[in-house]
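I opened the notebook to look up a few things in one protein model. The entries below follow the order in which I looked.

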Amino acid sequence: MKFGHFDDEHREYVIETPKTPLPWINYLGSKEFFTLISNTCGGYTFYKDAKLLRLTRYRYNDVPMDINGKYFYIKDGDTVWNPGWKPTQTDLDEYECRHGIGYSKFKGVKNGVRADVLTFVPVNDNCEVSKLVVTNDSSEEKNISIFSYVEWCLWNADDDSRNFQRNFSTGEVEVKGSAIYHKTEYRERRNHYAVYSVNAPITAFDTARDSFLGLYHYAGNPEAVLNGKLTNSMASGWSPIAAHQLDVTLKPGESKSYVFVLGYIENPVEDKWESHNVINKKPAEALLAKYDTDAKVDAAFAELNDQWDKLLNIYTVDSSNDKVNRMVNIWNQYQCMVTFNMSRSASYYESGIGRGMGFRDSCQDLLGFVHLIPDRARERIIDIASTQFEDGRAYHQYQPLTKKGNSDIGSGFGDDPLWLIAGTSAYIRETGDATILDEMVPFDNDASVAQTLMEHLRRSFGYVDTHRGPHRLPLIGRADWNDCLNLNCHSTQPGESFQTFGPSEGPVAESVFIGGMFVKYGNEYADLCDLKGLTDEAAKVRASVAEMNEILLDSNAGWDGEWFVRAYDSYGNKVGSKECEEGKIFIEPQGFCVLAGVGTETGQAQKALDSVKEHLDTKYGVMILQPAYTVYHEELGEVSSYPPGYKENAGIFCHNNPWVSIAETVIGRGDRAFEVYKKTCPAYTEEISEIHRTEPYIYCQMVAGADAKFHGEGKNSWLTGTAAWTFVNISQYILGVYPTLKGLSVDPCVPADFGDFSVKRIYRGVEYDITVKQNGAQKGVKELIVDGAKIDGTVIPYDASKKTVKVEVVMG
Ligand code: BGC
């Protein structure tokens with residue numbers, strides 16, 4: 001069952017009912033000012049950091065679902081309603097929410113009055129702009145009142161939800177004309193404030209929540225709105241808000257438009273005040289003036305759309321499959337940009353006050369957005385590498401504001417170092433900019449011990465190469481990609497961190513998955529050595545990789561007979577083996593070893609993937625392991641702590657489904673690669689939204705596995721490495737347009753009935769127009785014709801002197 005539809009022409013998902021199975025959200029903002037907005041106008045706003053600089057309040061984990069947002073109320077006689085349905089939940093005659101690329105639109109119609117809201121964050125300003133247009137579609141004159149409402153967060157969202165004894169006394173506001181200023185703590189150590197304003201004279205306002213809502217009321221029935229009269233309250237402590245009242249007369253057929261701006265302002269310390277305790281409003285007024293007419297707003301909206309036109313023009317596909325087209329051309333790339341902006345910080349499932357940026361998460365996210373914003377990818381790589389330790393280990397997380405490693409969680413995750421190679425290699429393959437390898441980059445943010453980025457990568461590889469266990473497989477440490485495989489932790493008491501409790505980094509527990517990564521990224525590192533003319537080093541690296549390859553295929557080490565072992569625990573026992581009672585087979589080593597090319601010559605690759613299909617496949621995606629753990633295994637850790645079918649305990653972790661799909665392309669099975677792709681693909685799961693429940697235009701982290709009560713139900717949408725990996729899968733492996741160090745390679749692997757298709761790719765400033773004649777083949781390039789000339793192999797040598805290149809591919 002669907003709750004809306006895709007409008008590909010406008011790059012929008014059109015939600016037709018406010019009662020979606022879960023709030024379906026969108027992200028506004030692309031630089032420093034961000035808003036999360038749901039299909040019923042829920043959500044919140046922050047500047048730079050969702051924990052430290054939060055402008056508006058949101059209540060997680062509360063009922064009714066999705067509490068607090070930026071609301072407009074319309075009072076028409078005795079009826080009070082909202083264009084986005086919430087919070088009054090008054091039945092609407094018509095409702096529509098269009099989530100677009102960096103903006104959302106709402107349409108509500110009630111008793112002949114129509115309200116249209118467009119909300120977006122302009123490209124270059126720290127504010128959110130909402131244009132509200134009210135239209136009288138009835139045949140009688142309408143006298144209505146419009147009320148706005150936002151509730152301020154007292155900046156530090158963590159403190160705001162804990163430190164009531166202090167915060168109930170600190171709230172402060174100012175009002176000037178139609179502008180309501182939130183200046184809590186501005187007097188002491190802050191030099192920033194927020195403003196919420198409208199470009200029209202107001203009848204009244206409220207800034208104290210209790211006056212607006214009334215005691216024992218809530219946002220669904222605010223007393224002042226029901227009374228039709230705001231009270232001009234001035235907040236003093238408690239909970240400051242901003243609410244405007246506009247009384248509007250509309251003749252039949254008449255429309256009126258209002259622009260509301262929610263902004264963030266920072267003043268230089270010496271310029272904070274206009275007079276004693278009166279804030280300097282000049283910069284706020286200048287900001288508001290930039291959006292005080294419809295024409296200015298429309299121009300800013302056009303600028304936003306232009307920006308996205310440019311970005312989404314870099315990789316486009318035209319195939320006979322609409323679902324693939326819309327995911328590749330619009331939504332998958334959009335989600336990659338959102339994960340770049342947010343990492344795993346702020347969503348409807350991530351509170352924005354928890355973890356910082358993950359080292360491995362950020363490196364993997366890069367794979368999905370590097371073609372869109374290479375300059376920012378470069379910066380990000382340097383930031384990430386600057387947190388690395390001198391011996392090659394990495395902080396598992398770092399803080400986005402300080403860019404320093406997070407010592408609470410520390411280091412010791414065996415896979416982290418190799419992801420730095422993955423991200424850097426992707427950047428250089430995309431841009432050709434090898435100068436990044438010569439950049440001097442600090443270790444642990446200490447510039448006095450800076451070394452080149454190349455040296456960082458050397459230490460990444462070296463660390464894993466020299467930290468091996470009894471089978472010569474890489475040591476797992478606290479965990480590898482699977483954060484919940486905690487083989488050295490042995491926690492038995494609640495409250496202990498699964499990752500950091502106990503010895504945590506032992507000399508025995510090994511990861512076969514990291515072995516697969518070692519092959520994949522070891523090879524990419526060797527290519528970088530060649531690029532730098534370090535042929536001896538490249539040869540040494542390749543020798544290590546070849547040795548690891550053997551170890552992975554050895555039935556006394558990485559190979560279990562029908563599939564790859566997952567790991568060895570701290571007692572040296574196998575994890576993910578037919579010898580185990582539960583957790584006999586895991587997805588990660590099957591996907592990653594095969595995508596790295598391990599076992600392709602011996603038949604083991606195919607065997608491993610056949611085993612995946614036999615043991616892990618479901619109609620909703622490929623599960624992470626089977627059989628699910630039904631008892632807690634102290635020696636395995638968090639993985640066995642979840643109820644069967646959820647999260648890492650046999651859930652369908654969407655992130656590693658593309659690894660399996662990519663692996664299938666490596667062995668040339670296009671039908672199966674696409675079958676795996678489709679199962680978790682939003683454009684396909686849209687049809688079963690009542691089961692899947694999360695947004696049908698973007699990926700979620702996890703879908704409940706076959707053992708779970710709610711098999712097929714998605715959770716934790718938006719901020720997941722799935723976005724990057726699925727885009728890599730569909731764009732580089734299935735459609736097959738893969739950036740190499742030497743140029744673009746075109747080597748598709750598609751299902752037999754996919755049909756001909758074309759890809760337009762802007763790569764290092766050159767536009768490639770690629771057409772593919774499939775001939776019913778799943779893989780294989782029979783002919784590659786570049787600007788009329790046939791060439792050997794699949795790589796189009798990069799030629800900077802050309803503006804456009806015409807590429808014809810004949811498969812077979
Ligand atoms: C984390 C990833 C991890 C994955 C699997 C996610 O929540 O952000 O770093 O790889 O879970 O455990």
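**Entry 1**

I note that the model is a predicted one. I started with an open sheet of three strands, whose order is E34-E35-E36 and whose pairing is antiparallel. Which strands stand at the edges? They are E34, residues 652-653, and E36, residues 714-717. Each has a single partner strand, so one side of each is left without a neighbour in the sheet. I then looked at the pairing of strand E35, residues 700-703, with E36: three bridges join the two, and they run antiparallel. Opposite Cys700 I found Ser717, in E36.

**Entry 1: the whole protein**

I counted next. The protein has 20 helices and 44 strands. Its radius of gyration is 28 Å, and the globule rule gives 28 Å for 812 residues, so the protein is as compact as a globular protein of that length. Along the principal axes, the C-alpha atoms fill a box of roughly 80 × 60 × 55 Å.

I looked up burial too: 63% of the 812 residues count as buried. How many side chains are charged? There are 83 positive and 113 negative ones, and the centres of the two sets lie 2 Å apart.

I moved to strand E4, residues 33-38. Is E4 enclosed or open? Six of its six residues are buried, so E4 is largely enclosed by the rest of the structure. I checked the faces one by one. Phe33, Thr35 and Ile37 are buried on one side of E4, and Phe34, Leu36 and Ser38 are buried on the other, so both faces are covered.

E4 pairs with strand E3, residues 25-28, in the antiparallel sense over four bridges. Ile25 has Ser38 of E4 as its bridge partner. The hairpin of E3 and E4 has four residues between the strands, and in it Gly29 takes a positive phi near 110 degrees.

E4 is also joined to E5 by five bridges, and these two strands run antiparallel. Here the bridge partner of Phe33 is Tyr47, in E5.

**Entry 2: Tyr47**

I stayed with Tyr47, which lies in strand E5, residues 43-47. Is Tyr47 buried or exposed? It counts as buried because its relative accessibility is 5%, and the cut-off for buried is under 20%. Leaving aside residues up to four places away in sequence, Tyr47 touches Glu32, Phe33, Leu53, Leu55, Asn126, Tyr264 and Glu266. I also took one distance: the C-alpha atoms of Tyr47 and Asp116 are separated by 26 Å, and the two residues are 69 residues apart along the chain.

**Entry 3: backbone angles**

I wrote down the general rule before going on. Most residues other than glycine have a negative phi, and most peptide bonds are trans.

Against that rule I looked up Cys41. Its phi is near 70 degrees, a positive value in a residue other than glycine. Cys41 sits in the hairpin of E4 and E5, which has four residues between the strands. At 11% relative accessibility, Cys41 counts as buried.

Asn61 is another residue, not a glycine, with a positive phi, near 60 degrees. Where is Asn61? It lies in the loop between E6 and E7. Asn61 is exposed, with a relative accessible area of 82%.

In that loop, between strand E6 (54-56) and strand E7 (71-76), I also found Pro64. The peptide bond from Val63 to Pro64 is cis, with omega near -10 degrees. A cis peptide bond also joins Lys86 and Pro87, with omega about 0 degrees. Pro87 is in the loop between strand E8 (79-81) and strand E9 (94-99).

**Entry 4: one more hairpin**

Last I looked up strand E25, residues 440-443, and strand E26, residues 446-452. Three bridges join them, and they run antiparallel. Phe443 stands opposite Asp446 in E26. Two residues lie between the strands of this hairpin, and Asp444 takes a positive phi near 45 degrees there.

Terms used:
Residues numbered from 1 in each chain as written. Heavy atoms only, no water. Rg over C-alpha atoms; globule rule 2.2 N^0.38 Å. Buried < 20%, exposed > 50% of the residue type's maximum accessible area, 1.4 Å probe, protein only. Lys, Arg positive; Asp, Glu negative; His and termini not counted. Charge placed at Lys NZ, Arg CZ, Asp CG, Glu CD. Pairing = 2+ DSSP bridges. Contact = heavy atoms within 4.5 Å.
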